[in-house]
Amino acid sequence: MSATSEQTSNESPAGSATAMTRVLPADMTERGKCPFDPAPGLERRRGDGAVQPLTLLNGARAVLVTGFEEARAVLADPRFSSDRVRHRDASQLQPHEVAEMAAAAERGEAPAGTGVESRTDGMFVFMDPPEHTRLRRLLTGQFTVRRMKALEARLTEIAVEHIEAMQARGTEADLVAAYALPIPSLMICELLGVDYADREEFQANTAIALNINSGDEERARAGAALYGFIQRLVNEKRENPTDDLLSGLVHDSDPPLTDAQLVDMALVLLGAGHETTANMLGLGTLALLENPDQLAALRADPTLIDNTVEELLRYLSIVQLGVTRVAIKDVTVGGVDIPAGTTVVIAMPESNRDPRQFRDADRLDVHRHRTPHLAFGHGVHQCLGQQLARIEMRIGFSELLTRLPNLRLAVPAEEVPLRNDMQIFGVHALPVTWA
């Protein structure tokens, strides 16, 4: 799982990734002929080192990390910050700001900080401990392995209902709209206490916020609408609490969370809770259909489903723009010195294809030994909802392939619309048939 707010930080997962598309070369942000492989620009940078210099389009000099162990080292090291309120992330800067910082450095001046001593927002994905620790701890009990396993029966029920609904309408469907998106959307709505009937409003505004081609004004309107939607929900939970995660945050947090914190946290959970898993189900199904030998192996041995889920997570790496950190001290990673103040861009798709870590790394292999990958990140910011996502994928793929044994694409693979215009990669639609 990985929300738009105009808080002190003026930061959000959507806004952050949008900024990255503006400062990274297009060949690093758009996948090529094969939708499953990293962007061509990342592939061309192979051989340039696991930690290599990167000049951003705004003129800033950054560092690109493509190695698996090096990426883990950065993500686990507290000397690399996620807090973009206190530390200036070069991917978020305009060219004139980069020039001003360079001039200050030539004068021997330290990078200007924001002067923020305490944060009042709830965008915990862009915080460091102890602020991050406090807010995340309020949620960890809701996403334990035991609690997620207790949801398996309900998830199976949801998957079967949607497969039967597809069958009732004929022998063809858009798997994204009819199956991949509803499963995680319905589940996270139930967990948070959101009326599923309201999902279309939320999903429409989320799509605008996550579309890299959306204009600033359009994205701001969508963000304001999202914020208003969640604020109304928080008000409702305050007056009429029910047995759901958001009601618990509203009434049981000690010390109490502010409305701004509640809205931010709910937006992160609701957005990440449906966007990432939905795209894994859609793109993962396409990957299996386009690798019939691997699909056949899974059908022949359904016990491979856990392996398959982990391998698809590694192989597809749908968080295609990666994540950034800012060095707050001088650090050496992979033999490369990274000065304090440097922005580090971690290329997840390349890190998950590191040949030093994965044998035959560019091949989908459902028999691959379950080695660690970075699809859910690493360190204190490792994905909070990863166990829920795993169960949703395991059940989603299993029920789909079992109940629709003749599942196949209804159009040529090259006609499947790819989400190169979105921050989370996947497919916009997946026309399938099972006749």
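Modeller: Arg232 has a relative accessible area of 48%, which makes this residue partly exposed; buried means under 20%, exposed over 50%, and partly exposed in between (1.4 Å probe, protein chains only). The model is predicted, so local features need pLDDT of at least 70 and side-chain atom pairs count only at pLDDT 80 or more, while totals for chains, interfaces and linings use all residues. Residues are numbered from 1 along each chain as its sequence is written, and side-chain values use heavy atoms, with hydrogens and water left out.

Biologist: With which residue does Arg232 form a salt bridge?

Modeller: Side chains of opposite charge can pair when their charged atoms come close. The criterion for a salt bridge is a side-chain nitrogen of Lys or Arg within 4 Å of a carboxyl oxygen of Asp or Glu. Here the partner of Arg232 is Glu201, at 3.3 Å from N to O. The pair links distant parts of the chain, 31 residues apart: Glu201 lies in helix 10 (residues 199–210) and Arg232 in helix 11 (residues 216–239). Helices are DSSP runs of H or I, at least four residues, numbered from the N terminus. Glu201 is also partly exposed, at 35%.

Biologist: Which residues pair with Arg363?

Modeller: Asp360 does, with the closest N and O atoms 2.8 Å apart, and so does Asp365, at 3.3 Å. Arg363 is partly exposed at 36% relative accessibility, as is Asp360 at 46%, whereas Asp365 is buried at 15%.

Biologist: How many salt bridges does the whole structure hold?

Modeller: The search finds 33.

Definitions and conventions. Helices (H or I, at least four residues) and strands (E, at least two) are DSSP runs, numbered from the N terminus.
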